Amino acid sequence: MRDGGGSQSETEPGGVANLDLFRYLTAEERGDYLAIMSLFTASLLADMSAAAAAEQLAATGTTLPAELVEARCKQLVRWGNLIPSLRDARVGTVAEYLRARSRYQVSTLGGRVHRSALEIMATADGAREVARELLGRIADALADIPRLLDAVATPERDERLAGIVTTIFNNQRLFTASVTDFYAYLSGMLSRFDLGGDEYARFKELLLDYVDLINADVNRHAPLIARALDRVLPRIVELLAVLDALPGLSLGEEVAVERSAGRSRTDWTQLHQWYSGADSGPGQLRNAAGQALGQLIANAKRILDSSRTGYSRRADLLRLANWLDHSADDEASRLFAAAFGAWPTRHLGLGPDEPDPRVSPTTSWRAADPIDVPVSLRERGNRVSRGRVSRVPDSTADRRIIEAAARAEAQRHREAAAELLACGNLDGGKLSAAARTVLLDLLARLLAVRTDFPDDIVLVDHDLGLVVAAVAGGHTRVESPDGTLTVDGYTLSVRPVAEAGGATDLRVAR
């Protein structure tokens, strides 16, 4: 059962309840927990108080106050990694009693978890050699079982049978674990897009030589093991009776005892299925080797075809990383933007397939219509065209749309110019939003002619057929639905272009 603090009794069944045993490995204080658990699992029957643990930790170079070690041990007790020790301590003083009142020892599952964690942390993330030599030992050991069962029953014979059975299943577990780790590493390496050059050549030799060696051993020994199991399984009841008769650990029905592998019919059935079942282990190894070979060929095609998106850019990226490392902050920012196109967001032109030809690459993506990215490009980064080549699009309809839009825009400008001409003197005039927009454009051009306006300015626009005059003195106030425009220090007026006498932008002296 579990208390409110999340502790776990050792009699509770496994499963989700045992997940608390792993919490100390990911806690923020995992360094303290690892040191404490390593101390308790370093020797058999380790039983010590928090103060004694603090002293031993200090001797190994880890200095932790006794109060902190006490708190860490209590937390490990709640998680189930440690258990309180109930051994009565013989003390002569009150101080010794206070030091020995809280003693701890490692729990069964807590010790197994920590030993496995230390093994994983000490293992490099590399390839694991396959224990292929164990297949021959498994075949030889299985062949000895029928002969020993036919021999005279003696204690020595029974002990030898038990040793052979334990050796068979330990060797099988070690072989399957090593071959699983090796193929996981091989799959991870062959799926790398940056695999090329010397690395590719090295893994090609690994696949063609070492994998072939593994398959050769499996193909040679797997039939022998399967035939040996076919001779052992009919006598499995006799074999299990011999193993059950040997002295073993028995703590009654209240405590579950984990027996060695090979002591049940299920263990032997699973072993037989691994070598001769429908989904046998040798068949899985052959399929894995075929998949690895196919991935190797795919990598070779990718390396040879540099025009595909899957081409490795590892050397280029390493060179770019070196440049970034030796650049100043400003240079590194510009280099990164140039290398990865990290410019301000903009619309990506699709060429003839662009829905609106007036949208250019400099148009903000917020103002442009959204586009559909093909699935092959969005999910696989593949730009290769599939299917039939599309026909050249007919731009007649698009051209007509553009021409109609241009004519409509020119008509709006002409109407706005006519409204300005009708107004004449702009001070106190009321203009539409379109006319006000045209007037603002004309004022911008006036500013471009002379920004400080020391003299009167006359601007001629032959396209609109009007002349805008800015006379120094007074002010101009124009109202429109969009707001009120006020020009201080100048009086604005508009007249037809015929009155300009054919002149262009003029500056008239005062």
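**Buried residues and salt bridges in a predicted chain**

Reader: How far does the backbone nitrogen of glycine 110 lie from a polar atom of the side chain of serine 107?

Author: The model is a predicted one. In it, a polar atom of the serine 107 side chain faces the backbone nitrogen of glycine 110. The distance between the two atoms is 3.0 Å.

Reader: Is serine 107 buried or exposed?

Author: Serine 107 sits in the loop that joins strand 3 (103-106) to helix 5 (108-122). Its relative accessibility is 4%, and the limit for a buried residue is under 20%. Serine 107 therefore counts as buried.

Reader: How many helices and how many strands are there in the protein chain?

Author: The protein chain has 510 residues, of which 33% are buried. Among its contacts with a separation of 6 or more, 63% are between residues 24 or more positions apart. The chain exposes about 31900 Å², with 54% of that supplied by carbon and sulfur atoms. As for its secondary structure, the count is 16 helices and seven strands.

Reader: What span does helix 3 reach from its first C-alpha to its last?

Author: Helix 3 has 14 residues. At 1.5 Å a residue, a span of 20 Å is expected, and the computed value is close to this. From first C-alpha to last, helix 3 reaches 20 Å.

Reader: Which elements are included in what covers the buried residues of helix 3?

Author: The buried residues of this helix are Val69, Glu70, Arg72, Cys73, Gln75, Leu76, Val77 and Trp79. Just after the helix, glycine 80 takes a positive phi of about 100 degrees. The cover over the buried residues includes helix 1 (30-41), helix 2 (50-59), strand 2 (82-84) and strand 3.

Reader: Which residues is arginine 72 in contact with, leaving aside its neighbours within four places in sequence?

Author: Arginine 72 belongs to helix 3 (residues 66-79). It counts as buried because its relative accessibility is 13%, where the limit is under 20%. With neighbours within four places in sequence left aside, its contacts are Glu29, Asp32, Tyr33 and Ile36.

Reader: What separates the C-alpha atoms of arginine 157 and valine 242, which are 85 residues apart along the chain?

Author: Arginine 157 is located in helix 7 (residues 155-190) and is buried, at a relative accessible area of 9%. Not counting residues up to four places away in sequence, arginine 157 touches Leu148, Leu149, Ala151, Val152 and Val242. Although arginine 157 and valine 242 are 85 residues apart along the chain, the separation of their C-alpha atoms is 9.6 Å.

Reader: How many salt bridges does a search of the whole structure find?

Author: Side chains of opposite charge can pair when their charged atoms come close. In the whole structure, the number of salt bridges found is 11.

Reader: Which residues are linked with Asp217 in a network of salt bridges?

Author: The side chains of aspartate 217 and arginine 220 meet in a salt bridge of 2.7 Å, N to O. Because these residues are three residues apart in helix 8 (residues 198-232), about one helical turn separates them. Aspartate 217 is buried at 5% relative accessibility, whereas arginine 220 is partly exposed at 46%. The residues linked with Asp217 in the network are Arg132 and Arg220.

Reader: How far apart are the closest N and O atoms of the salt bridge that arginine 445 forms with aspartate 461?

Author: Arginine 445 counts as partly exposed, at 35% relative accessibility, while aspartate 461 counts as buried, at 8%. The closest N and O atoms of their salt bridge are 2.7 Å apart. This pair links distant parts of the chain, with arginine 445 in helix 16 (residues 433-449) and aspartate 461 in strand 4 (residues 456-461), 16 residues apart.

Reader: What accessible area do Val16, Leu19 and Phe22 have together?

Author: Phenylalanine 22 lies in the segment before helix 1. It counts as partly exposed, at 42% relative accessibility. With Val16 and Leu19, Phe22 forms a nonpolar patch on the surface, and their accessible area together is about 320 Å².

Notes. Residues are numbered from 1 along each chain as its sequence is written. This is a predicted model: local features need pLDDT of at least 70, side-chain atom pairs count only at pLDDT 80 or more; totals for chains, interfaces and linings use all residues. Side-chain values use heavy atoms; hydrogens and water are left out. Helices (H or I, at least four residues) and strands (E, at least two) are DSSP runs, numbered from the N terminus. Buried means under 20% relative accessible area, exposed over 50%, partly exposed in between (1.4 Å probe, protein chains only). Contact means heavy atoms within 4.5 Å. A polar contact is a pair of N or O atoms within 3.5 Å; within protein, one must be able to donate a hydrogen and the other to accept it, and residues adjacent in sequence count only if both atoms are side-chain atoms. The expected span of a helix is 1.5 Å times one less than its number of residues. Patches are made of residues with over 30% relative accessible area and no salt bridge: like charges are joined within 9 Å, nonpolar side chains (Val, Leu, Ile, Met, Phe, Trp, Tyr) within 5 Å. Accessible areas come from the Shrake-Rupley method with a 1.4 Å probe; for residues, only the protein chains shown count as cover. A salt bridge is a side-chain nitrogen of Lys or Arg within 4 Å of a carboxyl oxygen of Asp or Glu.
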